[in-house]
Amino acid sequence: IACLYNDKIIEGKALSNTKVMGRHECAKSCIEDLSCFGYSFVSDSRTCRLKAEIRSLVDRNGVKSVLFEKRCKRTGFRDEVSPKKIAPRVLPQDQPDLPKDIDNENKKDDQEQKEESSKSSSDLIACLYNDKIIYGKTISKELVKERQECALSCNENLSCFGYSYIPDTKSCSLEGKINSLEDKDGVVSVILEKKCKNNGVHDEKHPKDIAPRMPPKEQSEPSNESDQRIINEDHEKSHTETNH
């Protein structure tokens with residue numbers, strides 16, 4: 001991916017040093033040259049410096065540098081100016097190895113990323129519980145067309161750990177914290193957890209790719225009475241509509 005570093009200049013083997021109209025043109029030139037691994041754009045002089053070798057990034061005010069790498073380092077972020085699809089780069093045969101300190105830093109970052117992924121990686125599965133309702137910290141409550149829409153909303157919200165869906169009223173409640181799972185006829189609940197409990201089964205409707213969850217740092221205790229009142233209102237509404 002293309003990673004942007006503000007106020008940084010690349011030191012390394014240069015491919016070219018030219019004047020351009022803007023950074024878009026500099027990005028295009030580097031993308032089209034398969035031996036280009038990054039570039040530095042000097043805003044004041046509109047100079048574009050293409051690099052075939054990345055030795056280091058040095059502080060330099062007014063310079064924007066972009067590196068093509070597997071993932072951005074801590075001080076960089078994805079560059080929206082560069083095209084999303086980047087063809088594989090071609091290393092020159094005579095290109096020297098990276099300095100040990102730079103190479104070791106890259107290996108250290110990669111190792112940290114692997115360790116972080118293994119700790120927070122999505123070993124969660126979606127467990128389905130019929131005739132059960134979740135009591136916890138409600139994130140949102142909305143009406144949906146079908147349960148799969150509720151599942152998608154929970155999956156995309158990284159602070160969602162489960163949801164309760166009422167088929168009769170099409171009500172979807174996303175939960176940010178799971179306190180308990182109680183009996184409630186006609187309610188379908190799904191909890192994202194490592195292993196389903198005795199009366200739970202793997203939910204086939206939930207997306208298979210579940211990103212690691214991110215619980216809020218400060219989370220107040222839920223009000224079971226409030227949750228109970230909301231569900232009772234939904235059921236009363238459903239029964240009223242059925243009788244009419």
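This is a predicted model. Begin with its largest nonpolar core, which has 16 residues. Select Cys150, Cys154, Tyr163, Leu174 and Leu192, the residues with the most contacts inside this core. Next, colour the elements that each supply at least two of its residues: strand 7 (125–143), helix 3 (147–156), strand 8 (162–166) and strand 9 (171–193). Strand 9 gives the largest share, 5 residues.

Go to Arg147 in helix 3. Is Arg147 buried or exposed? With a relative accessible area of 11%, Arg147 is under the 20% limit, so it counts as buried. Show its side chain: a polar contact of 2.8 Å joins the side chain of Arg147 to that of Tyr163. Leaving aside neighbours within four places in sequence, the contacts of Arg147 also include Leu128, Val188 and Asp203.

An open sheet is formed by 4 strands in the order 8-9-7-10, with antiparallel pairing. Strand 8 and strand 10 (201–202) are the edge strands, each pairing on one side only. Strand 10 pairs with strand 7 over 2 bridges; select Cys127 and you will find it opposite His202 of strand 10. Helix 3 packs on this sheet and touches strand 7, strand 8 and strand 9. The direction of helix 3 makes about 15 degrees with that of strand 9.

How values were computed: Residues are numbered from 1 along each chain as its sequence is written. This is a predicted model: local features need pLDDT of at least 70, side-chain atom pairs count only at pLDDT 80 or more; totals for chains, interfaces and linings use all residues. Side-chain values use heavy atoms; hydrogens and water are left out. A nonpolar core is a set of buried Ala, Val, Leu, Ile, Met, Phe, Trp, Tyr and Cys residues joined through side-chain atoms within 4.5 Å. Buried means under 20% relative accessible area, exposed over 50%, partly exposed in between (1.4 Å probe, protein chains only). A polar contact is a pair of N or O atoms within 3.5 Å; within protein, one must be able to donate a hydrogen and the other to accept it, and residues adjacent in sequence count only if both atoms are side-chain atoms. Contact means heavy atoms within 4.5 Å. Two strands pair if DSSP finds at least two bridges between them. Axes are lines fitted to C-alpha atoms, for helices over the stretch in contact, and angles run from 0 to 180 degrees between N-to-C directions.
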